[in-house]
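Please open the structure in your viewer and keep the selection tool at hand. The stops below can be followed in order, each with something to select and a short account of what is there.

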Amino acid sequence: MTYLTDRAPGHGARTPARSLLRTDARRLSLNGSWRFRLLPGAPGEPGDVGFLPEGEEPDDVAGEQYDDSAWDVIPVPSHWVLEGDGAYGHPIYTNTQYPFPIDPPFVPDENPTGDHRRTFELPESWADAARVLLRFDGVESRYRVWVNGIEIGVGSGSRLVQEFDVTGAVRTGRNVIVVRVHQWSAASYLEDQDQWWLPGIFRDVTLEARPVGGIDDVWLRTSFDGADTEPGEPGPGTVVPEIVADERAYPVTLRIAELGVDVTWQSPDEVAPVEVALVEPWSAEVPRLYEATVAGAAETVSLRVGFRTVVISGDRFLVNGRRVAFHGVNRHEWHPDLGRVFDEAEAVAGLKLMKRSNINAVRTSHYPPHPRLLELLDELGFWVILECDLETHGFEHVGWRGNPSDDPDWRAAYLDRIERTVERDKNHPCIVMWSLGNESGTGQNLAAMADWVRERDPGRPVHYEGDQVGAYTDVYSRMYASVPETEAIGRDDSPVLLLGCSAAESATQRTKPFLQCEYAHAMGNGPGGLHQYQEVFDRYPRLHGGFVWEWRDHGVRVRNAEGIEFFAYGGDFGEVVHDGNFVTDGLLLSDGTPSPGLAEFAHVVAPIRLELDDEAVTVANVRHTADTSDLELRWRVEHDGHAVAEDRVDLPTLRPGETGRVRLPAVARPATGELWLTVEAVLAEATTWAPAGHVVVAAQRRLPGDATPASRPAPGRVTGNGGAPPAAHGGEPPQELGPARFRRGRLVSIAGVTVGGPTLELWRAPTDNDRGSGFGSYVGVDPTVGLGRGVPAPSNETTWRAHGLDRVVSRVVECSGTHDALHVVRRCGAANSVLTMTVDEHWSVRDGEVALRVEVTPGDGWDGVIPRIGIRLDLPEDVDGAAWFGTGPHDSYPDSRRSVRVGRFEAGIDELTVPYARPQESGHRSDLRELTLRRGGVDWLRITALPDGEGRLPGFILTRHTAQDLAAAGHPHEVRRSGHHYLYLDAAQHGLGSRACGPDVWPDSMLYAQPRTMEFVFAAV
């Protein structure tokens, strides 16, 4: 079994790497139904049948006469662990761990091996082919190929194209192909990406007839030579052709009809650069492509070219002479049913959603994607960092001892991987950087890869985050650098040494463009603090933005024994080692539903900035290439959430970097209530990725006027006493106040419906960021000191549970009243804790409505942050929706609320929370003015919220579940149903941060135990 432990790349009849081009050469797809069987271990070399059925040799399986009728049938492309309802094993998720012993290059004998077998018919017309090539676009992890019983070779590099010359093995008519795929091999040590381990032939399998005199490869290197022109304006360009073909292919003609290019070369020696007087440049915002063909004696290939030039000038990363700001995402290939099998419709939908969300860049984490994706990225327009199929992260657990990145025995494998990455995709203009891989430590093999890339393609810089000292990369790249550290890098005046660097290395790194190849970890509810990063990126030109981790959750769609569908994550398949739900850390849920985090990111990184005053809007165009001629401005004015005026205004054409001011019509100011101006920059016409009217960015401002709320004051308010309701003293507590009924001071019904509460709530179902502890805490720390990574501390969840915030109980200290008022004092705390909160409830009534003023006062001894300060009302299960005046449409938290606006909204109960893969806190709508609860779709109860003494308004959550029940469940379908729905009214919530794999909540958004007051008016509708 030495071929499984061979450190070198595949061998046999493999052919050199080349571009994947459109061609008129004959092709035959071998996708479809294949015979399949799963062997429990890796079969040995021929003659070693220890793992084969008795008496069966590998050559028997590969031969034409072999009877495979007893085998199963599976589709190709596919992952066998996602087929057969578990009959072929299960997926394994690890982030950094290896799911086998770290004993390179060896792998266990218990090595699931899938034999794939099918027949195909080769047409008679193929008899004249000079060569026949068999191409595999993706097979995990190592595989052997036989055709008609002849062993062809071994392939390695799961997400890399391998082509084999099968000319001497195929024949016209019926043929048999067998592919034996091993889950584990030496290559697995190089493919420890944060992803599912999914064996199988998961990309296309194709035969190609290479004609005599064919064109084997083409690279049309293009440049835009008009860097001095205005952004997006035409200028001169150059095409530098590289053609791989023998003499029989000539004469060869290059045509780019739209540019008038029609050049013929009679021999390879004549091939020379072609200058074009006037071309429109390609950019992510204006992705101008030209159709090109290269035609020889026997073959024509076609491709789309874009003219653009990438240059690093000092500490600036420039495309076509202008600085690039990456507003990007890391994108794994994923489909919840298919795994990494490419689904074009799903991919197109995802990329269009990225465009609508102001995302302009993609890092292909952590391998080259399906080749069709690169064509789509060219066409739709994205800056792309194309990453090699390389990660050895598991060696970090042993101090990088034995890491292949610094072992000469692995050098050929490393170089083969980068060569196959670059050669396949070198024609794509969207690729502006090559990345050597991800989280593979550092060492001589990575340096050798960088040298190879520079020699092969000097027109694109080399990226690799693991080269933190800048020994062999062209940009300074980091993951999850905190905001203070990022700002220090941008200022370039910090005496603090860069992470992992000496003084000299720090100085070198500071001369380069800086980007965050991963930041703002989007796991669960979050990330918070996106605006802080963007403000720093905007302030310092050497900071070139970054890539959120990551685009999409990677849950596997499954059903439990009761047939309930859910999305599985690590551990759900009985893995020996796994990393839990860390695989669900995207801006989209596994089914493609956008999270609130995506809306926040879209707003924060918008390429058009709007700033409102009372009379006008200032518009700043911070795009790279495009002017604002594709946009128009829409405005509206709302009085207490109801539109009173709206129209559109012309937006002057602003070039990138320009700012303009647009006056808005005057609007009459009402005597009471809130008047809000909203301005939106929208697409004037439809594009390929969005309809006309799509909102690129919006801004909102409260217009000055009488601040008196339009709703009447709370019952019981007395002028001159600070707004507090009259105290209730000495009497028996009332049983009834307006629409509310009480029993011994506890609310039991309102508006004719049984309810429970209010109950003090200090707990929230911990978010993934609340559970994180890898990054330090800012609690009690000045985050601007040093690198701003905080200090080591347990997770917030650990601290909160230690304080018993998930199990608070209460006792009544006082309960008294009059005929129209009720006063209840409760002391609240947890078992085995001295920490207490005192809750004063003041109930009063007037004109058939009941008012509640809640004052929460912490006792002594509180330290650290807490999740929330609020109350909970237990409602009947038929409360199924709400309409509200406040912020929306999605939820908001102290450090994630730039994308919400004040207005009137409505939603069903299941739309008011987010079904994250692991249940957690979600759904908080801040700054509530008015809330109407619905039963069976009919309005039932109106709750008016009044500001506290500092003008702060509460927020609300309407949910089917308690925070405690959410926290106890591993998946949404496992959350206990209690027979109630729940309304949380929160005076305050702790922020979100990114501590699942990133910085803590910034101190400004932290919540500490503190006195807070809330006041509400309840009325039957």
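Begin by selecting leucine 610 in this predicted model, and then show what surrounds it: setting aside neighbours within four places in sequence, leucine 610 is in contact with Val617, Thr618, Val619, Leu633, Val679, Glu680, Ala681, Val697, Ala698 and Ala699. Leu610 belongs to the largest nonpolar core, which has 116 residues, and together with Phe326, Leu436 and Leu633 it touches the most other members.

Next, select strand 39, residues 631-639, and within it pick out glutamate 638. Is this glutamate 638 buried or exposed? Its relative accessibility is 8%, and because buried means under 20%, glutamate 638 counts as buried. Beyond its neighbours within four places in sequence, the contacts of glutamate 638 include Glu674, Leu675, Trp676 and Thr678, as well as Arg901 and Val902.

From here, turn to the aromatic rings, of which a search of the whole structure finds 31 pairs. Select tyrosine 66 and tryptophan 71 to see an edge-to-face pair, with 5.8 Å from centre to centre and 65 degrees between the planes; both tyrosine 66 and tryptophan 71 are buried. Then select phenylalanine 100 and tyrosine 189, whose ring centres are 5.1 Å apart and whose planes stand at 80 degrees, so that this pair too is edge-to-face. Phenylalanine 100 sits in the loop between strand 6 (92-94) and strand 7 (113-122), while tyrosine 189 sits in the loop between strand 13 (173-182) and strand 14 (195-197), so the pair ties together parts that are 89 residues apart in sequence.

The last stops are cavities, of which the whole structure holds 13 of 30 Å³ or more. The largest cavity has a volume of about 120 Å³, and of the 15 residues lining it, Gly528, Gly529, Gln532, Pro999 and Asp1000 are the closest to its centre. Helix 7 (483-491) and helix 9 (530-539) are the elements that give two or more residues to this lining, which by class has eight nonpolar, five polar and two charged residues. Finally, select Arg18, Ser19, Leu20, Leu21 and Arg27, which lie nearest the centre of the second largest cavity, with a volume of about 100 Å³. The lining of this second largest cavity has five nonpolar, two polar and eight charged residues.

Terms used
Residues are numbered from 1 along each chain as its sequence is written. This is a predicted model: local features need pLDDT of at least 70, side-chain atom pairs count only at pLDDT 80 or more; totals for chains, interfaces and linings use all residues. Side-chain values use heavy atoms; hydrogens and water are left out. A nonpolar core is a set of buried Ala, Val, Leu, Ile, Met, Phe, Trp, Tyr and Cys residues joined through side-chain atoms within 4.5 Å. Buried means under 20% relative accessible area, exposed over 50%, partly exposed in between (1.4 Å probe, protein chains only). Contact means heavy atoms within 4.5 Å. Helices (H or I, at least four residues) and strands (E, at least two) are DSSP runs, numbered from the N terminus. On a 1 Å grid over the protein atoms alone, a cavity is a set of points where a 1.4 Å probe fits but cannot get out, and a pocket is an open set with protein on both sides within 12 Å along at least five of seven lines; lining residues have an atom within 4 Å of a point. Grid points are joined across faces, edges and corners, and a volume is the space filled by probe spheres set on the points. Ala, Val, Leu, Ile, Met, Phe, Trp, Tyr, Cys and Pro count as nonpolar, Asp, Glu, Lys and Arg as charged, and the others, Gly among them, as polar. Rings of Phe, Tyr and Trp (its six-membered ring) pair if their centres lie within 6.5 Å; planes under 30 degrees apart count as stacked, over 60 as edge-to-face and the rest as tilted.
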